Amino acid sequence: RSGAIMRAAMDGLPARPLRRPGRGLSPALVAGLVALAAGCARPAPRPSLLLVTIDTLRADHLGCYGYPRPTSPRIDRLAASGALFERTFTSLPRTTQSIASIMTGRFPKGHQARGLYSALSPANLTLAEILKGEGYETAAIVSNLFLRAGQGFEQGFDLFDNPPARWDGDSAQQVSARAISWLRGRHRGAPFFLWVHYLDPHWTYQPGPPFDRAFDPGFKGPFTLYEDLEAHRLTKGQVIFDNRLDPRQVEHVISLYDGEIAQVDAALGALLDEATREAGGPLLTVLTSDHGESLGEQGYYFAHGEYLYNAGLRVPLIVSLAGTVPAGLRIPGLAQNIDVAPTILALLGIGRLQAADGRPLLLGASAGRTVTAAPGRGLIFAESDFQLIHPENRRYYLPGPAGKWSAVSDGRSKLILIPKPGGEILEFYDLETDPGERRNLEGAGADAVTRGHLLRELRQFVDYDPGWLPGPPTGPDDEERRRLRALGYLN
């Protein structure tokens, strides 16, 4: 186009040999034509976006985060191609609330989806709505009961694909196949935003072959956990809060959880390849999780949501964009899931996210420039869920939102506040000497200055508003109860 403009401009000049000495174009005219051509040059294409969220995925069970088992070769390759954030935490360890934070850049008290059965209010401005307004084709291929259409997560998506057939567990292959089908069938006239959510690592951990035996091939049993739950000889609440498995059986269950991760990793590889081909230009790929999973820490087995220890809060965050995000970059600063949407928009050169609590984690994004890491957060905050609490949980002292836990951490120390009738329980941990949060120092050696600072910050953050619950409250129907039991939320 610029060449045609220059030719048209030159057509109006007197006909004379341009190379004869002393008879060339004037410097001013040449400069003007060059500026005209530069101004008409086609801008660099805006990157497409692939956002991958993997349900219930602990960061420390991925090879790129130091896990010794080969659970994640394809995710590890993705991490090597871009930036890995070493200390990223969810703001609430449940799917509904965490995905809402990822999509809005807001804490739950900002977006108001505060319970597992809450919905994302249309008052929120979502990442998909912003990108659709910027001309992106948008699609969501997801798998989770709590992300079903009508809960508000479909806002901004041209296609929102989440059939009930994918809600019961292992569906990674189907999710990838559907996402690949959409990529191949789209119009290709615009960049795309594709969000893919895999469910497989969520309870129950029953991966298919060969992943069911990949990490514990020598296990011979006995192992009747799933049969006991199905026959109602055991409740999920008893599994979580009153573990009856011996250490070898617990080890086997953890190996099944790892098998679920490997199963997703295998299905993800084909999608990553196809997205790279179909983007036809730069592709921004972001991989994270809604929350982690406790695998026995603090006596809390195979669950998430009620407690606020780091096993359930720490999540992976990987960002890859060739030519902009340096390969192999590892960033140790504190980050939260509320930072995901602001980081994406900054890398895409879009500044429309308003009222966000999050902020970009990478700075200096522009055409032809590489980014640098922003300073880490000084504090991170989290709150627990207050819906579908198992009756066997002896550490949930007040019903409803008044009983939910809250936590704050500066990365070195951590304070947890647990409401109870007539008062509260405080737990203080030194994460540098006790990363597993095994020794509560409250009342027995807590640093008074740090504790006081964290407590003041936490009291400013905490509230017990139940959030936005559209319509009259109703309980789950029989089919939803069956699915909730399968996912471990009901006994």
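**Confidence**

The chain has a mean pLDDT of 89, and 89% of its residues reach 70 or more.

| Stretch | pLDDT | Contacts in the model |
|---|---|---|
| Residues 1-24 | under 50 | 15 contacts |
| Residues 32-41 | below 50 | 9 contacts |

Where pLDDT is low, the predicted coordinates should not be read in detail.

**Nonpolar cores**

The largest nonpolar core holds 54 residues, and those touching the most other members are Leu50, Leu194, Tyr198, Tyr205, Leu225, Leu271 and Phe302. The most to this core comes from helix α10 (residues 247-279), which supplies 13 residues. Leaving aside residues up to four places away in sequence, Leu50 is in contact with Leu194, Val196, Leu271, Leu272, Ala275, Leu283, Leu284, Thr285 and Val286.

Ala100 lies in helix α4 (residues 95-104). Ala100 counts as buried because its relative accessible area is 0%, where the cut-off for buried is under 20%. Beyond residues up to four places away in sequence, Ala100 touches His111, Ala113, Leu120 and Phe153. A distance of 8.8 Å separates the C-alpha atom of Ala100 from that of Ala119, and these two residues are 19 residues apart along the chain.

Methods: Residues numbered from 1 in each chain as written. Predicted model: local features only at pLDDT ≥ 70, side-chain atom pairs only at ≥ 80, totals over all residues. Heavy atoms only, no water. Core = buried A, V, L, I, M, F, W, Y, C linked by side-chain atoms within 4.5 Å. Buried < 20%, exposed > 50% of the residue type's maximum accessible area, 1.4 Å probe, protein only. Helix = DSSP H or I, 4+ residues; strand = E, 2+ residues; numbered from the N terminus. Contact = heavy atoms within 4.5 Å. pLDDT = per-residue confidence, 0-100.
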